[in-house]
Amino acid sequence: MARTGFCDSKPLLDLHTKADERRAPLRTWANGCGAIGRCQPVEVEESRAAPVKMEPERRWERRPSTHTSEGLIMGFHEDSRTCKAADGCVEAPVLLYSLHTLVPSLLRHEVEIALEKLDLIWDRTFGWDMFLDMMRTQMRNSFPNAELPSHFTDATRAILIDWIIQVHGLLQFQEETLYLAIHLLNRSLRQLKVTTANLQLLGMVCLFLAGKKEESLLPEVSGLCSLMDHTYTKHQLLRMERKVLCTLNFDLSYCPPLHFLLLFASVARCSAMVVWMARYLLELSLLEGQCVVFLPIQLAGAALCLARQVLQECPTPEGEAAWCLASSIHVGSEPTLLRIMHILASAAAKASSRETCATFIKFSSSETLQVSRHPGLNNATGLLGVCS
């Protein structure tokens with residue numbers, strides 16, 4: 001078994017009979033779905049048909065994990081190979097393996113049940129297709145590098161995100177709203193020219209836009225201005241909102257790592273303590289600027305794996321079988337997961353002493369089982385050994 005805890009698939013019994021009552025409800029999965037462009041073939045008469053160069057269709061194949069590289073998810077990736085036809089036209093790559101034959105039917109069944117129990121879908125019939133779409137669309141949610149504009153630093157970004165977490169808790173928004181707001185902030189910092197003086201305004205606007213996407217009730221704009229101690233006017237906030245929307249081309253779609261985390265935890269039959277610990281570690285990743293280069297599913301898998309290692313719960317045959325089934329979803333290479341786990345372990349070890357401690361306080365309450373105060377987090381880095 002690898003140090004990350006992932007292993008080969010084994011048979012699994014039925015999934016949880018009850019969903020975790022402490023878990024924050026997931027309102028909709030639709031936020032993770034963006035528009036997918038598909039090329040529709042045009043029917044022409046055979047006698048008048050002429051060879052036309054066409055862009056290769058995006059196909060997905062599954063390869064054994066030994067052939068995967070960093071950044072690949074679930075063993076699926078785009079096949080960039082194309083073949084030349086006799087007439088010189090580029091033919092679309094062939095789907096080498098069938099997903100239905102390579103993906104165990106048991107895993108598919110458990111994923112569909114988990115999505116339904118998490119209220120991410122309404123009809124189990126299309127559950128697997130929706131899951132595959134989540135896997136594909138998330139690939140555009142990471143960044144090529146963690147670099148920020150020269151006048152911003154990771155410390156400045158962490159302070160802003162810590163303040164957003166506090167405002168998010170004060171407004172009692174859904175957890176998905178927080179992850180979407182931070183994602184919009186990360187995109188805006190790289191695409192929008194904003195001064196340091198307007199950084200707090202940008203953070204509030206990103207939270208406001210995320211609330212419009214996820215929430216049913218929103219505060220008045222004047223109320224948001226009061227949360228910023230009236231440093232900015234209502235007109236400035238609305239003007240910044242238009243500026244952000246135009247810069248992002250009105251694209252607010254995002255599949256948060258929280259969805260993948262709860263999905264994996266449900267399939268793996270993780271206890272409530274493991275789930276809350278993983279959610280705490282996952283939220284700590286929002287403060288780490290270097291985590292923006294990883295895919296949401298990689299962050300979720302690393303957080304869940306680290307939570308299991310920190311808590312060291314007594315294994316059961318049923319639980320180990322469930323974990324093996326969940327771990328058959330390839331979330332990334334082992335070095336990638338170990339790197340993320342070391343980042344999260346380091347962040348958790350110093351969370352209580354940092355200036356940005358909103359997440360630590362948030363997960364120290366009895367409602368979250370006080371996971372941020374667990375003594376095992378102090379030695380989390382030692383549990384991982386030397387990062388390869």
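Contact is taken here to mean heavy atoms within 4.5 Å. This is a predicted model, in which local features need pLDDT of at least 70 and side-chain atom pairs count only at pLDDT 80 or more, while totals for chains, interfaces and linings use all residues. Residues are numbered from 1 along each chain as its sequence is written, and side-chain values use heavy atoms, with hydrogens and water left out. The secondary structure of the protein chain comprises 15 helices and four strands, where helices (H or I, at least four residues) and strands (E, at least two) are DSSP runs numbered from the N terminus.

**Overall burial and contacts**
- Of the 388 residues in the protein chain, 52% are buried, a term that means under 20% relative accessible area, with exposed set at over 50% and partly exposed in between (1.4 Å probe, protein chains only).
- The protein chain exposes about 19,200 Å², of which carbon and sulfur atoms supply 53%; accessible areas come from the Shrake-Rupley method with a 1.4 Å probe.
- Among contacts in the protein chain with a separation of 6 or more, 80% join residues 24 or more positions apart.

**Nonpolar core**
- The largest nonpolar core has 109 residues, and those with the most contacts inside it include Val111, Leu202, Leu237 and Leu281; such a core is a set of buried Ala, Val, Leu, Ile, Met, Phe, Trp, Tyr and Cys residues joined through side-chain atoms within 4.5 Å.
- Helix α11 (residues 296-311) contributes the largest share of this core, 11 residues.
- Leaving aside residues up to four places away in sequence, Leu281 touches Ala303, Leu306, Ala307, Leu344, Ala348 and Leu377.

**Helices α6 and α8**
- The axes of helix α6 (residues 199-214) and helix α8 (residues 234-247) come within 9 Å and cross at roughly 70°, the axes being lines fitted to C-alpha atoms over the stretch in contact, with angles from 0 to 180 degrees between N-to-C directions.

**Helix α3 and Ala272**
- Helix α3 (residues 127-137) is largely enclosed by the rest of the structure, because eight of its 11 residues are buried; among them are Trp128, Phe131 and Asp133.
- Ala272, found in helix α10 (residues 272-284), counts as partly exposed at 27% relative accessibility.
- Ala272 and Leu369 are 97 residues apart in sequence and 8.6 Å apart in space, C-alpha to C-alpha.
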